[in-house]
Structures are given as C-alpha cells and as structure tokens.
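I opened this notebook to record what I looked up in the structure, entry by entry. Each entry keeps to one topic.

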Amino acid sequence: MKGQRWVVDALTFLLFGFLLFELIKTAVLMPTISKQLHLSLYQTGLLLGIFAGGPGIIMGFVGGNIVDKIGARYGGLFPLIAFTVVTVGIGLSSTYLELASAIIIFGVFESFTNTVVYKLTGNWFGKHERGLGAGVTNSASPFFTFLAPAVAIPLLLFFHNNFHDVFLLFALFSIPLIILWIIFIYDRPEQSRFITMGELQTIYKDEMQSGLISQEDLDIAIKKHIPLDSINKKIKGSNSITFKQAFEYLFSSKENLGLILGIGVMNLVWASYSEVLPTYFSDYLLYSTSTLGLFTTITYFSGFLGAVVSGILTMRYNKLLIMKIGVIVSLIATIPLTFIDPGVSSDIILPITAIGFFGILLYFPPFFSYTAEYFGKAVLGRALGLQYSFIALALAFGPTIMLDLAGISSWKISYLFDTIMVVVAIILTFTVKETAKMRELKAKLEAE
C-alpha cells in the first residue's frame, strides 16, 4: 500500500474514527453521565439521537452541496472543529442544557464527515481499488467503536467516575490531525504536491483505458497541480452541475431508493448496537461498569473484523452480494434480542451481539464503494450528503425511539422494532440495481 492515496486514506480513517470514538465514548459513558446529571431514559435517548445525527437531517444535503463547492479538503475542517468543541463542551457541562448545547454544535459540524471521507475515497481511488479504499476508511467505524469502551471505561475508573476529566483529556487529539490534514489532503490526486506520475496513472487507469483521459492530460495536471476537469473539457467537475440537475439525477429512478434510503435504515440498526447497547446492558441486564466495558469492546471488535473482511471481499466479489449477506446476517442475530430476559448467560449474549455487529459492518464498505461507482464523481458529494440526511434521520430517531419503547413498554419491544428495521433494510438492499437509464444519465453528467 505505497503511495499518496494511502496517506489520504489513513487520514480519512482517523477523521472518521475520531468522531466515531467520541460518539461511542459518550454512549458508553452515558449511564454514568445520566446518573450524575439525573437524566431520564427519555432525556438520554434524546441526547444520543441529537449526538448521532439530529442536525444532520437538514445539514446532510446542505453539507454535501457545500463540500462539492469548496472541496473535501476544506470541508474536512468542519468535523475537526466539531471534535474539539464537543470534547471541551461535554467536559465542562454540569447541566442537561449545557450538555445538549455541546452535542447540537457537534451534530451540525459533524454532518460533513460522511461526504468528505467518501468523496475523497471516490476521487483518490480508481474503480479497481475503491472497494479496498472504502473498506479501510469504513473500518475506522468498528475499530474506534471497540476502542472507545476499551479506553473510556478504564479512564473513567482511573478518574474515579469523573466523566468531565475523561472528555477534556481528548480535546488535545484534534490539533495534530488538523495539521496533517492541511499538509496532505487535496481534493483530487493531481492537485497534490506529493503525487507521482506512476500513482496518477494507477488511479486513473480505467479512465485512460476508456479514452476519457489521455497521458497528455496527466502531464499537464501533474506539472501545474490543477484538476483534470479544468484541462479536459470532457470531464465535468462538481461546480458545472447545478443543484436542480443533481437533484433530478438522484431521484430519477426508483432503483435509487435502495442506495438513498437503505443506508439510513442500516445506520438505525448500527445505532441499536453501538449507541443503545451500553444502556441495554446497564439498564436491562444490570451489568456493572467493568462488565459493560468488556462486553461492548468484544462486540465492537467483531464489527471491526466485519469491516476488514468486507473490504477484502469487495476486491474479488460482487459488492451487492456482500451487502445482501450483511443485512441477512444482521437479521439472524437481531431476532434473538427480542426474547432475552435479565439474568441470561453471557455465553448466549456475546455471540449474538458479536455476530450482529459483524453482519452490520459487513454491509458498509461495499455500500459506499458501490455508491461512488453508481452516482459518479460530478455529483458524488451531493449524493453522499443526501444519504447522510437519511443516516442522520435514522441516528437521531433510532436511539430515541428504542429507549422510549424500553421506558414505556419493554426492551423486548425495543429490539422487535430493531428487527423490523433490519427487514426493511433487506427489502431496500434487494431493490438496488444499475439500470441502462442510470448509466446514460451518469455518462451525461460525467462527460459531454
């Protein structure tokens, strides 16, 4: 894995990972935060919903449009600011209102993340490597997810259950990442001062074979470090596509629903494990803080393995097939949680949650890789932004609905709702297919 594209992939891995770490760290510490600030299950669910995606419902498409205009390099600074604000904000919070304010600010700026990391993956990797690139980036989600309880719980115990100190400690980590981001991240590979001709030819291998890009184009681009769309008029850049054109393109086919809506539903299922599970362990199964930390770490580590395996599989096998396997495995593991009673053996619980999270994370790398190929670079930012609006909708309401159901009715009903969502995700995933009409529209938008 030599080359500048893997440096970019490593930084998107860290950006994605730091924000997921903060989200999961908060979810894992939420039982302690709730007790110290005297929060109800409803308030806890509302905070987790806002944290995970509330503001992103509106900001998703807006953020995608902004990133298409200003580029992923500068767009990536917004979530880096969000990470700093939320770590300091929660660390200083002593009331529900202060906590909510910090989390709302985080939600607004964090909503750029999805668009930034996958637009960079789409720009920096050719079709033949995009699945692996997306797999590496997306593995940040389960890696930092399982790392969060493994780090946060021992630190919480070290600081004698003082969650304020735990959050303030992590505010320092955003500074070096901001510096590295500014130095190494460029929107397109030909703009980078570190790129070589050999790597550029590797990235654009498919476009060169099709005749869309010539060697002369690459020679000019690497010499002047300017985007190819400013050299080759056959290539349409993001700025040449109007909002109306992008919107009509994204909603031009019913087959698009699987890619536009499916990711939102699957993120609701993801939230049922990554955000709700710690409270489920604590409130329903009555696990201690240390047991909660151990069980969530093991469950989240299995998700990390799922993402890595998925990224490797996308190099050799059909991406849609891997997505379908992922959602089906999620269903097999989610159904038993509707029948679990307190006091059940951990020998039963751990395999269920581990298999479930493995299946969920098996789904995401091929999904985002397929999205980049399906919609094309010219409107990719807006496609990802629109997807993020539905992701945010699911992340905002998923934890809130599940915790409300647990408080009003029971945890079994809560996970019955989760199981129904997996069924919906399966239906949407099986509708995805690229039609001749979509290929025509993509070609029209990508090149005249």
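**Entry 1: Two histidines in loops**

I located H225 in the loop that runs between α14 (215-224) and α15 (243-250). The model I am reading is a predicted one. H225 is not a glycine, yet I found a positive phi of about 55° for H225. I also noted that H225 is buried, as its relative accessible area is 17% and the limit for buried is under 20%.

I then looked up H160, which also is not a glycine and has a positive phi of about 55°. Its place is the loop between α9 (140-158) and α10 (163-170). Is H160 buried or exposed? I read a relative accessibility of 70%, so H160 counts as exposed. I flagged these two phi values because most residues other than glycine have a negative phi.

**Entry 2: Overall make-up**

I recorded 24 helices and zero strands in the protein. Of its 448 residues, 60% are buried. I looked next at contacts between residues at least 6 apart in sequence, and 83% of them join residues at least 24 apart. The accessible surface comes to about 16600 Å², and carbon and sulfur atoms account for 69% of that surface.

I checked the span of helix α5 (residues 77-92) against expectation. Its 16 residues reach 23 Å from the first C-alpha to the last, close to the 22 Å expected at 1.5 Å a residue. Buried in α5 are P79, L80, A82, F83, V86, T87, I90 and G91. Viewed down the axis of α5, these buried residues fall within an arc of 155°, so they line one face of the helix.

I repeated the check on helix α6 (residues 96-110). At 1.5 Å a residue its 15 residues should span 21 Å, and I found the end C-alpha atoms 21 Å apart, which agrees. Which residues of α6 are buried? I listed L99, A100, A102, I103, F106, G107 and E110. They cover an arc of only 165° around the axis, and this puts them on the same side of α6. I kept in mind that an α-helix has 3.6 residues a turn, so residues three or four places apart point the same way.

**Entry 3: Salt bridges**

How many salt bridges does the structure hold? I counted two.

One of the salt bridges joins E199 and R5, with the closest N and O atoms 3.1 Å apart. Because E199 lies in helix α12 (residues 197-203) and R5 in helix α1 (residues 4-37), the pair ties together parts that are 194 residues apart in sequence. I found E199 buried, with a relative accessible area of 6%. R5 is buried as well, with a relative accessible area of 8%.

I also looked up the salt bridge between D341 and K412, where the closest N and O atoms are 2.7 Å apart. D341 lies in the loop between α20 and α21 (346-375) and K412 in helix α23 (residues 411-429), so this pair ties together parts 71 residues apart in sequence. D341 counts as partly exposed, at 40% relative accessibility. K412 also counts as partly exposed, at 29%.

I found L268 in helix α17 (residues 262-274). At 8% relative accessibility, L268 counts as buried. Not counting residues up to four places away in sequence, L268 touches A394, G398, F417, D418 and M421. I also noted that the C-alpha atoms of L268 and A425 are separated by 9.8 Å, although the two residues are 157 apart along the chain.

I turned to S330, in helix α20 (residues 319-334). Its relative accessible area is 0%, so S330 is buried. What does S330 contact, leaving aside its neighbours within four places in sequence? I recorded M266, G356, G359, I360 and V422.

**Entry 4: A nonpolar surface patch**

I175, I179, I183 and F194 make a nonpolar patch of about 370 Å². Of these I followed up I183, which lies in helix α11 (residues 174-184). I183 is partly exposed, and its relative accessible area is 39%.

Technical notes: Residues numbered from 1 in each chain as written. Predicted model: local features only at pLDDT ≥ 70, side-chain atom pairs only at ≥ 80, totals over all residues. Heavy atoms only, no water. Helix = DSSP H or I, 4+ residues; strand = E, 2+ residues; numbered from the N terminus. Expected span 1.5 Å × (residues − 1). Buried < 20%, exposed > 50% of the residue type's maximum accessible area, 1.4 Å probe, protein only. Arc of directions from axis to C-beta. Contact = heavy atoms within 4.5 Å. Patch = residues over 30% accessible without salt bridge, like charges linked within 9 Å, V, L, I, M, F, W, Y side chains within 5 Å. Areas by Shrake-Rupley, 256 points an atom, 1.4 Å probe, with all protein chains shown as cover. Salt bridge = Lys/Arg side-chain N within 4 Å of Asp/Glu carboxyl O.
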